[in-house]
Amino acid sequence: MVQLGKIKIEKPAVLAPMAGFTSSAFRQICSEFGAAFTVSEMISAKALCFQDKKTNALIKFCDAERPFGFQLFGSECDTLSEAARILESYNPDFIDINMGCPVPKIAGNGCGSHLLKTPKLAGDLVYAVKKAVNIPVTAKIRIGWDENSLSGIDFAKRLCDNGVDLISVHGRTREQMYKPTVNIDYIGEIKRAVSVPIVANGDVDSLDSMKEMLNRTGCDLVMIGRAALGNPFIFRELCGQKQDISFKQKMDTVIRLAELESKNKGEHLGILELRRHLPFFFKGLRGAAEFRRRATSVNSIDDIILLTKEAQMHFEEENK
Ligand SMILES: Cc1cc2nc3c(=O)[nH]c(=O)nc-3n(C[C@H](O)[C@H](O)[C@H](O)COP(=O)(O)O)c2cc1C
């Protein structure tokens with residue numbers, strides 16, 4: 001069991017923040033299947049302070065996603081703490097600070113993984129946000145900038161000295177982006193060096209790989225990113241309930257996701273944004289290419305119902 005402020009976290013696996021994917025609707029569905037907590041996709045502190053319309057749309061969440069935290073990125077103490085104050089007024093359970101994003105648009109501006117190069121600033125950001133809000137403050141980091149500078153241990157210690165309440169560690173360097181093998185042992189070294197709860201992240205995609213991650217690192221929780229795409233049911237498996245999902249249940253979940261997205265964003269935008277999820281739900285289906293192609297042009301819930309119905313018929317035909 002992990003205590004995060006007033007919240008008790010009893011389940012083992014949390015949903016990773018994923019820009020473009022972890023919408024309120026998707027988070028809700030992952031929570032229902034057993035995600036231990038959910039996090040918004042990253043929100044620009046600067047854009048939030050300037051009341052950017054697109055950014056405001058990212059603020060939506062509902063109780064069914066709890067425990068839930070907003071993730072912010074930024075590199076200025078004033079802006080980040082002001083943004084955290086704004087978000088706190090929406091009543092999330094915690095604020096997470098992105099210190100791991102490798103993409104040049106973010107890291108090139110001194111935010112995300114670039115903070116691994118400026119540990120003092122990273123500590124100051126945590127301190128400033130902690131002072132600004134009354135809810136727990138967490139951070140998501142990588143293990144270092146590159147193989148020659150594995151700084152994750154000192155970096156994590158510094159965040160703890162400044163009051164961070166929990167750290168998620170993606171076991172790759174910034175240079176590694178998303179590809180080479182996750183450095184599980186180094187995540188374990190970070191865990192042993194600090195006393196706050198540590199969430200281990202990277203390539204966990206089954207009960208066995210979760211067990212290996214937890215056993216080898218001694219971490220408190222695991223974080224699931226890509227393995228949840230098209231497969232929110234994974235959280236049920238990770239909670240120890242045997243995963244036996246029929247293709248029909250998969251298609252029903254797509255329809256539910258479409259309904260929730262439409263309710264939150266309006267049907268047009270909701271379905272447009274859902275398009276990128278669909279190929280993941282067709283994974284493993286023989287002849288999926290045709291359905292993936294058609295997924296790029298769905299425009300309404302009716303289109304989704306028709307597509308999933310035909311995919312279901314195709315699946316039954318293939319498995320006769
Ligand atoms: C499409 C995509 C978007 C992502 N967006 C974010 C983000 O907004 N914030 C963040 O901290 N990490 C982000 N990540 C990184 C994931 O949270 C996670 O650390 C990474 O995918 C490794 O975990 P996995 O192997 O379980 O996928 C993103 C990853 C992907 C694939």
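This briefing describes the sheet and the helix packing of one structure. The model is predicted: local features need pLDDT of at least 70, side-chain atom pairs count only at pLDDT 80 or more, and totals for chains, interfaces and linings use all residues. Residues are numbered from 1 along each chain as its sequence is written. Helices (H or I, at least four residues) and strands (E, at least two) are DSSP runs, numbered from the N terminus.

- Eight strands form an open, parallel sheet in the order 3-10-9-8-7-6-5-4, where two strands pair if DSSP finds at least two bridges between them.
- Strand 3 and strand 4 (38-44) stand at the edges with a single partner strand each, so one side of each is left without a neighbour in the sheet.
- On average, neighbouring strands of this sheet are turned by 30° against each other, direction ignored.
- Strand 6 (residues 94-99) and strand 7 (residues 137-144) run parallel and are joined by five bridges; asparagine 98 has lysine 140 in strand 7 as its bridge partner.

**Strand 10**

- Strand 10 (residues 221-224) is covered on both faces, with Leu221 and Met223 buried on one side and Val222 and Ile224 buried on the other (buried: 20 or more other C-beta atoms within 10 Å of the residue's own, C-beta atoms being placed from the backbone).
- In a regular strand, side chains alternate between the two faces of the sheet.
- Strand 3 (residues 13-15) runs parallel to strand 10 and is joined to it by three bridges; alanine 13 has valine 222 as its bridge partner.
- Strand 9 (residues 198-201) is likewise parallel to strand 10, with three bridges, and asparagine 201 stands opposite methionine 223.

**Helix packing**

- Helix 4 (residues 77-88) packs with helix 6 (residues 119-132) at an angle of about 35°, their axes 8 Å apart; axes are lines fitted to C-alpha atoms, for helices over the stretch in contact, and angles run from 0 to 180 degrees between N-to-C directions.
- Cys77, Leu80, Ser81, Ala84 and Arg85 in helix 4 meet residues of helix 6, among them Leu125, Ala128 and Val129 (contact: C-beta atoms, placed from the backbone, within 7 Å).
- Helix 6 also lies across strand 6 and strand 7, at about 165° to strand 6.
- Helix 8 (residues 184-193) lies across strand 7, strand 8 (166-173) and strand 9, at about 150° to strand 8.

**Helix 12**

- Gly270, Ile271 and Leu274 are buried in helix 12 (residues 267-274).
- Seen down the axis of helix 12, its buried residues fall within an arc of 90°, so they line one face of the helix; the arc is that of the directions from the helix axis to the C-beta atoms.
- The buried residues of helix 12 pack against helix 11 (247-265), helix 13 (278-281) and helix 15 (301-318).

Note on methods:
Two residues are in contact if their C-beta atoms, placed from the backbone, lie within 7 Å. A residue is buried if 20 or more other C-beta atoms lie within 10 Å of its own, exposed if 12 or fewer, and partly exposed in between; C-beta atoms are placed from the backbone.
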